[in-house]
Amino acid sequence: MFTEADRKFMARALELAERGLYTTTPNPRVGCVIVRDGEIVGEGWHERAGEAHAEVVALAQAGASAAGAAAYVTLEPCSHVGRTPPCAPALLEAKVARVVAAMRDPNPLVAGRGVEQLRAAGVSVDHGLMEEEARELNIGFVARMTRGRPWVRMKVAASLDGKTALMNGRSQWITGPEARRDGHAWRARACAVLTGIGTVKDDDPQLTVREVETTRQPVRVIVDSGLETPPSARVLGAGTMIAAAKEDADRSAVLRARGAEVIVLPNAAGKVDLAALMDELGRRQMNEIHVEAGFKLNGSLLRENLVDELIVYLAPHVIGDAARSMFDLPELQDLSARRELDVREVRSVGSDIRIIARVPGTLPPEGRT
């Protein structure tokens with residue numbers, strides 16, 4: 001169905017889409033290539049919300065050469081009016097003859113309507129070319145559109161014996177500079193970085209992106225049931241959200257004076273309702289959440305099935321049993337109760353080992369476009 005030339009042009013469109021890795025949120029990362037007579041005559045990518053979509057940028061570059069051409073786009077062209085005009089009509093107006101989309105758009109406002117509109121006008125439309133690559137690039141957008149919650153990626157830095165900190169909470173630095181830089185790249189692509197009050201007290205982190213270039217800082221979210229965040233905490237400021245489990249007007253006022261937003265989401269146990277928090281972040285159009293927390297919050301998120309992916313850095317040393325582990329989980333009585341993971345990648349990052357693993361079944365079947 002698809003030729004080698006088709007694959008070459010779609011691969012180029014995916015390269016372009018990746019340029020928006022740190023900037024497009026809450027929109028998907030999309031690239032487009034316009035090809036006529038085997039030559040690229042226009043290309044573009046979506047850079048940030050409110051600005052031109054990839055197809056519009058590519059069509060502007062192609063000009064009159066778009067007539068009769070093929071458009072390779074990593075996501076089904078949109079058919080609805082948002083902050084910018086829809087792309088399917090723009091392709092029709094340019095008289096494009098063929099559209100190849102890597103994947104259908106999981107957004108219910110599109111969900112096949114773009115393809116239908118193009119086909120109804122006589123445009124040849126194919127989709128499914130390099131679909132998995134396109135889906136991976138927008139895994140958070142797919143998650144939010146299909147289940148209403150962001151894709152939750154948990155980063156853990158540990159010794160080879162699985163320890164993340166001493167018993168006194170000290171953890172800087174278990175891994176080397178290359179791993180820390182790599183971790184900042186994962187931070188940069190996320191919509192929010194989430195941590196717990198224990199990490200704030202122990203490490204006083206900033207949770208900003210500093211090791212890689214970015215024009216956007218993710219929101220910083222603190223799970224703090226009792227509103228114990230110190231007013232002097234470096235994480236506070238514009239772009240900080242604190243999720244609490246109880247109302248406390250005085251403490252909230254102090255934290256809001258430091259620029260933080262305070263939301264109250266209690267569960268029956270008097271802790272923060274983590275599922276409700278993820279739902280709230282989804283309502284705020286956040287696609288990817290990057291967790292950098294201690295073993296207690298890590299364990300809670302895993303127990304409540306709110307983690308999709310683990311990024312684990314293992315350093316080449318051992319700390320010993322009297323130290324904090326990666327996850328605070330209950331003791332198992334039988335190995336059949338263990339949590340299975342799907343290991344996607346193992347590689348060296350500097351002197352450390354990085355493991356990327358996923359929790360199977362976190363996206364519903366309809367999330368697979």
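Let's start with a word we'll need: a residue is buried if its relative accessible area is under 20%, exposed if over 50%, and partly exposed in between, using a 1.4 Å probe and protein chains only. What you're looking at is a predicted model, so local features need pLDDT of at least 70, side-chain atom pairs count only at pLDDT 80 or more, and totals for chains, interfaces and linings use all residues. Residues are numbered from 1 along each chain as its sequence is written, and side-chain values use heavy atoms, with hydrogens and water left out.

Now try out that word. Leucine 227 sits in the loop between β9 and β10, and it is buried, with a relative accessible area of 4%. Aspartate 37, in the loop between β1 and β2 (39-45), is exposed at 76%. Leucine 227 has a positive phi of about 55° without being a glycine, and aspartate 37 also has a positive phi of about 55°. Most residues other than glycine have a negative phi, and most peptide bonds are trans. The bond from threonine 25 to proline 26, though, is cis, with omega near 5°.

Those labels come from DSSP runs, numbered from the N terminus: helices are H or I with at least four residues, strands are E with at least two. Follow the strands and you'll find an open, mixed sheet of 9, in the order β11-β10-β9-β8-β12-β6-β13-β16-β15. Two strands count as paired if DSSP finds at least two bridges between them. At the edges, β11 (260-264) and β15 (342-349) each pair on one side only. Look at β6 (residues 151-159) and β12 (residues 288-291): they run parallel, joined by 4 bridges. In one of these, arginine 153 partners histidine 290 of β12.

A nonpolar core here is a set of buried Ala, Val, Leu, Ile, Met, Phe, Trp, Tyr and Cys residues joined through side-chain atoms within 4.5 Å. The largest one has 42 residues, and Met10, Ile34 and Leu91 are among those with the most contacts inside it. Helix α1 (4-18) gives the largest share, with 5 residues. Apart from this core lies another, of 32 residues, including Met154 and Leu301.
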